Amino acid sequence: MKKNPRLIGDEHVKNVYQALLQYIKNEPIDYYPKTVTQTVLYITNLYPYIESVQSKFNTNNPDQEKDLTLYLDNNQTISVNLFLVRKGGRIQPKNPGAKSFLSKYFLSESLQLMFNRLFEVKYQNFLSELVELKLGEHYVKDIKELKKLVSRYFPKFTDEINPYRDIFLYNLRELCFSLLKDFYNDKNEGFFHAYNVFFMTEDVNIVTSYGKTQNDVNVEQFNPGIPQFSDIQIYKSGKNTVGIKYGEVALTLRFKFESSPTSSIKLAASYDKFPDESEKEKINFDTIKKMQYLLNTHQYSQNSNSSNAIGKCHEAITYFYFLKEFPNVSQVEPDECVQLMGKYYSLVKPEVLERLYNSTSTLIPVVREKLHQKYNSFQIKSVELVPESYINDRLDTGDLQLILIVNKEYIVESISLKALAKRNSKITTKNPGIGTILSPTYFNIGSMESVVNEVKSKFQIGELNHKESLEVIAADLGLKLKDATQVQLKRGVENLLGKAMMAVTFYDENISICKEHSKIDGNITVYIKTPTAIQNTLAWHNNLEAINLRVKFSRGQSHGWSTIKLTSEYQLK
């Protein structure tokens, strides 16, 4: 049975303590393992005049003490941390708690309160979604009750619920990065306190690494130095990790569950080596080669729904062109464009894929131009694809996320990517539920609940069919929008368009555009039952821009009554 790493570390501390005691008494230590004797010799070479030594295991609370405390003949006291790792391995700092790390390590109570408040909301959503898998729609809100139900239905993680865990941890990482980004932009000194604690700068840290043979042992001191604020960088890695680079060393904080779905959420802290420019270029070059291989070996599998596949391939190809245009950019998750392309490209016809590939090359210049207009000078630090299911903010529907440095501050720029054949096509912006369209999320003018319930009742007794049901709901929605104020209409339209910059490739015309939706200055006109009886249109800018809201069932007619959804489509004439 494999030994627990903590037990191995504890045994190393106990052995080094005993051997050091014997060494300072001039007693032999040759019979100890080489990892122990070499560590003792290294310590005594650093501090030749040790009078006595104390082990943390001789105290009442070992977890709160340093591994060894050395007492020198000049009355100096030295705290020592011991690490034992395989060659090529990294030492492991203590893991902080998710709900205390910002206050304890970064000395920010306000940041911690903000994190904890939003953590509770996301955690409740996570538990509620798991319960919904078993009970369907439910009204349980209390976290304690939700945890009881989750414990009963899902005592451990399974393939069924792993995606929900991934999304929850991703959202925690995004929240953490956002808070640290603002903390960095404020030039907060709390970063240095976190550095000193995590990197144990007030202690002597001795790392003993061992290889495959008994004599293959190396002992060195871990001392990363003192960084300046200009040495600090923050970054994202994978889907659940945030990193902080201090000069040549980096610290990563990975969100994870301790064990089961109802166990506490922890942060796994690790030291990381940040790739230099040449390493990043090699990683990106390898990704580009893999993408080119996929494109050169494309095999088409006929299918009935290629529109979604075209959009996904467009996202992957856009990412690919970003790597070509900016070879030093960091990939938050290397090769994610390759994985996305591999999943969808066989569903796209060869001639369409070729046009899509060629035309998407026109997208990077227009995005870059838009960024120059917006920021004048900027540096792209990283690129990341955001799966639709991971999007936490309903108003931020970006498919691709860039982390920029602008005037020595971090800015996150989300880009909504669209691929359309021709310029007169409509662009789907969102698919809101009928229950949220009039809520504060969008127009903030009331609710459709009573109308939907009335229509559902009539449908179930045969008074209305599918088409008639949609027409009644669409007409009522149109009237409510017609009665709304211009402030409410502008709020709703702006929320439907979203926060993200929009970049569109028209692949049959070999052209791309990039547009950032600005505040709507003129009036919005509501056209009820336009262009059909199940649609309403909101137009502005002399009818050159419009959003069409189409009412639909979420499932086909064979399923009877299903949830009512809306398709929101934007058109620029």
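Select Phe-106 and show its neighbours: leaving out residues up to four places away in sequence, Phe-106 touches Phe-101, Leu-180, Phe-183, Gly-190, Phe-191, Ala-194 and Ile-244. Keep in mind that the model on screen is predicted. Phe-106 sits in the loop between α3 and α4. Is Phe-106 buried or exposed? Its relative accessible area is 1%, so Phe-106 is buried. For a distance to check in the viewer, pick the C-alpha atoms of Phe-106 and Asn-188, which are 8.9 Å apart in space and 82 residues apart in sequence.

Leu-107 lies in the loop between α3 (101-104) and α4 (109-135). Its phi is positive, about 60°, although Leu-107 is not a glycine. With 55% relative accessibility, over the 50% cut-off, Leu-107 counts as exposed.

Phe-191 belongs to the largest nonpolar core, which has 59 residues. The members that touch the most other members are Phe-101, Phe-106, Phe-115, Phe-191 and Phe-255. To see where the core draws on most, colour helix α6, residues 162-185, which gives the most to this core, with 10 residues. In soluble globular proteins, nonpolar side chains tend to be buried together.

**The second largest pocket**

Show Arg-6, Phe-83, Gln-92, Pro-93 and Lys-94 together. Of the 48 residues lining the second largest pocket, these lie nearest its centre. The elements giving two or more residues to this lining are α1 (5-24), α2 (34-46), β3 (77-86), α7 (190-198) and β9 (265-272). Which of the elements gives the most to the lining? That is α1, with 9 residues.

Colour the lining by residue type and it divides into 19 charged, 18 nonpolar and 11 polar residues. The space in this pocket comes to about 2,000 Å³.

**The cysteines**

Select the cysteines and look for bonds between their sulfurs. A disulfide is a covalent bond between the sulfur atoms of two cysteines. How many disulfides does the structure hold? The count is 0.

Take Cys-514 as a case. The closest cysteine sulfur to that of Cys-514 belongs to Cys-337 and is 20 Å away, so the pair is too far apart for a bond. Cys-514 counts as buried, because its relative accessibility is 14%, under the 20% cut-off. Cys-176 is buried too, with a relative accessible area of 1%.

Go on to Tyr-527, in strand β17. Not counting residues up to four places away in sequence, Tyr-527 touches Asn-536, Thr-537, Ala-539 and Asn-543. Tyr-527 counts as partly exposed, because its relative accessibility is 31%. A line drawn from the C-alpha of Tyr-527 to that of Arg-423 covers 23 Å, and the two residues are 104 apart along the chain.

Follow the chain out of the strand and select Pro-531, in the loop between β17 (525-527) and β18 (535-540). The peptide bond leading from Thr-530 to Pro-531 is cis, with omega near 5°.

The next stop is Asn-542, in the loop between β18 and β19 (545-553). Asn-542 is not a glycine, yet has a positive phi of about 55°. Is Asn-542 buried or exposed? Asn-542 counts as exposed, because its relative accessibility is 74%.

**Zoom out**

End with the whole chain in view. The chain contains 15 helices and 20 strands. Its C-alpha trace spans about 95 × 50 × 45 Å along the principal axes. Of the 573 residues, 49% count as buried. Among contacts with a separation of 6 or more, 65% come from residues 24 or more positions apart.

Definitions and conventions: Residues numbered from 1 in each chain as written. Predicted model: local features only at pLDDT ≥ 70, side-chain atom pairs only at ≥ 80, totals over all residues. Heavy atoms only, no water. 1 Å grid on protein atoms, 1.4 Å probe; cavity = no way out; pocket = protein on both sides within 12 Å on 5 of 7 lines; lining within 4 Å. Points joined across faces, edges and corners; volume = space filled by probe spheres on them. Helix = DSSP H or I, 4+ residues; strand = E, 2+ residues; numbered from the N terminus. Nonpolar A, V, L, I, M, F, W, Y, C, P; charged D, E, K, R; others polar. Core = buried A, V, L, I, M, F, W, Y, C linked by side-chain atoms within 4.5 Å. Buried < 20%, exposed > 50% of the residue type's maximum accessible area, 1.4 Å probe, protein only. Disulfide = S-S within 2.5 Å. Contact = heavy atoms within 4.5 Å.
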